[in-house]
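Student: I'd like to learn how to read the contacts in a protein model. Could you walk me through one, step by step?

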Amino acid sequence: MGHLLDGKWTHEDKLKEIREDGKYVKFDAIFRNWLSADGSTGFKAEAGRYHLYSSVSCPWAHRTELLRALKRLDGLIGLTTTRQTEGGEGWTFLEDHIVPGTDTSVKYLHEVYALAAPDYTGRVTVPTLWDIEKRTIVSNESSEIIKMFNEAFVGVAPDSPDFYPEALRADIDAVNEMVLDGINNGVNRCGRGVSQEAYDAAFDNLFAALDALEERLSGQRYLCGPEQTLADWRLYPNLIRFDSIYYLGYKCNLRRIEDYPNLSAYLRDLYQTPGIAAVSDIETMKAGIYSGAGPVPSNGIVPRGPDLGLERAHGRAGVGSARLQP
Ligand SMILES: N[C@@H](CCC(=O)N[C@@H](CS)C(=O)NCC(=O)O)C(=O)O
C-alpha cells in the first residue's frame with residue numbers, strides 16, 4: 001500500500017512495516033493532539049465540531065466507532081465511512097466527500113491529510129479525527145481517540161458509563177499492554193509477517209494470551225471486574241473477527257474463540273450491549289479483509305461462514321458475583 005510523501009500520494013511503499021527478520025511492526029501514529037472538556041489543550045469538546053473517518057473493516061478504527069456509540073456521541077461527532085479499493089490510493093470515500101468546514105471535495109482520505117499538513121510524509125490511516133473549526137487532524141491514534149471520547153464530552157453528551165475510572169486505571173493499563181502485544185498486534189504478526197520464526201513466535205504468544213484471558217474471565221464478568229472498561233472494548237474488535245477472519249486468513253488456527261467457553265460467552269455479552277451490534281457488521285469486516293485490496297492474499301472471494309451465532313444467550317450476568325448458582 002502507498003502513503004503520502006511531502007503531501008503527495010506515492011504508490012511505492014517506502015515506509016515498510018515488515019522488518020528484516022520478517023516481523024511485522026506497526027508505525028506510530030503522527031497526529032497526537034488531545035480533546036479536553038475545558039479546551040485547555042486547544043481542542044475543546046463541543047457538539048458538532050469533530051468528524052470521524054473510519055471503517056469497521058479496520059480493528060483499530062472499530063474501537064472508535066464502539067466508543068462513539070457507547071458514549072452516546074453519535075449526534076455530536078459526525079462519521080464518514082471509508083474503504084480500500086484495488087489499485088486505489090488508500091482509504092477512499094464511497095461517494096464524493098466535502099471535507100467538513102471546507103468547500104473542498106475529495107476522493108481519498110490522503111487528501112484530508114494533505115489539507116491538515118500540506119507536506120505530510122507518512123501513512124494515511126483510519127481512524128482519523130478531524131477538527132471542523134481548525135481544519136486540521138486532531139488524532140489518528142485509536143487508543144487515544146477512545147480515551148478522549150470517554151472523558152472529554154462529559155456534560156456535553158448524554159450520560160454514559162466511565163470506561164476508564166481512576167480506581168481501575170492501573171489494572172486496565174496492564175491488561176491493555178498484554179492484549180496489545182499478544183492479541184491486537186499478535187494477530188497482525190501472525191497474518192502479515194513473512195518469516196516462519198516470526199509467525200511461530202507470534203502464534204505462541206497469541207494463544208498464550210487468549211488462554212490467560214479465558215482463565216481471567218472464569219472469575220469475573222469483564223476483563224477488569226464487574227463493569228465494562230476500555231480494556232474490553234480494545235479486545236472486542238479482535239474477538240469478533242477471530243473465527244471468520246484471523247483463524248482462516250491470518251493462520252491463527254490453534255483454537256477458535258468458539259472453543260473457549262468463557263471467551264465466547266464474553267464475546268456474545270459484549271456484542272449484545274445496546275448499540276454495539278449496529279457497529280459490528282461482520283460482513284463488512286470480512287469484505288475488507290478478503291477483497292483484492294485487503295491485507296491478506298486472496299482471490300477476492302469472501303468466505304461465507306462461519307455462522308457466529310452472536311445472539312445466543314451468554315449467561316454471564318452472574319459471573320463473579322457471590323450468589324450461589326442454582
Ligand atoms: N496506530 C493506529 C493504527 C491504525 C491502522 O493501522 N489502520 C490501518 C487499517 S487497519 C490503516 O489505515 N492502514 C493503512 C496504512 O497503513 O497505509 C491506530 O491504532 O489508530
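Tutor: Gladly! Leaving aside neighbours within four places in sequence, H62 is in contact with V56 and P237. Keep in mind that this is a predicted model.

Student: Where is H62 found?

Tutor: H62 sits in helix α1.

Student: Is H62 buried or exposed?

Tutor: The general idea is to count C-beta atoms around the residue, with 20 or more others within 10 Å as the mark of a buried one. H62 has 26 other C-beta atoms within 10 Å, so it is buried.

Student: How many residues apart along the chain are H62 and N238, and what separates their C-alpha atoms?

Tutor: H62 and N238 are 176 residues apart along the chain, and their C-alpha atoms are separated by 9.7 Å.

Student: How are two packed helices described?

Tutor: One uses the angle between their axes and the distance between the axes. Here α1 and α6 pack at an angle of about 120°, and their axes are 9 Å apart. The angle is why α1 counts as oblique to α6. The crossing of α1 and α6 is right-handed.

Student: Which residues of α1 and α6 meet?

Tutor: From α1 come P59, H62, R63, L66 and L67, and they meet W233, R234, Y236, P237, N238 and R241 of α6. Sorted by class, this contact of α1 with α6 has six nonpolar, two polar and three charged residues.

Student: Now the wider view, please. Which domains does the assignment give?

Tutor: The domain assignment of the protein chain lists domain 1 (3-151) and domain 2 (166-290). The C-alpha centres of domain 1 and domain 2 lie 23 Å apart. Their contact takes 21 residues from domain 1 and 26 residues from domain 2.

Student: Which elements give two or more residues to the side of domain 1 that touches domain 2?

Tutor: Those elements are α1 (59-70), β4 (77-84) and α3 (142-151). The largest share of that side, eight residues, comes from α1. By class, the side of domain 1 that touches domain 2 divides into nine nonpolar, six polar and six charged residues.

Conventions: Residues are numbered from 1 along each chain as its sequence is written. This is a predicted model: local features need pLDDT of at least 70, side-chain atom pairs count only at pLDDT 80 or more; totals for chains, interfaces and linings use all residues. Domain bounds come from an automatic or database domain assignment. Two residues are in contact if their C-beta atoms, placed from the backbone, lie within 7 Å. Helices (H or I, at least four residues) and strands (E, at least two) are DSSP runs, numbered from the N terminus. Ala, Val, Leu, Ile, Met, Phe, Trp, Tyr, Cys and Pro count as nonpolar, Asp, Glu, Lys and Arg as charged, and the others, Gly among them, as polar. Axes are lines fitted to C-alpha atoms, for helices over the stretch in contact, and angles run from 0 to 180 degrees between N-to-C directions. Angles under 35 degrees count as roughly parallel, over 145 as roughly antiparallel, 65 to 115 as roughly perpendicular and the rest as oblique. A crossing is left-handed if the near helix is turned anticlockwise from the far one by less than a right angle, and right-handed if clockwise. A residue is buried if 20 or more other C-beta atoms lie within 10 Å of its own, exposed if 12 or fewer, and partly exposed in between; C-beta atoms are placed from the backbone.
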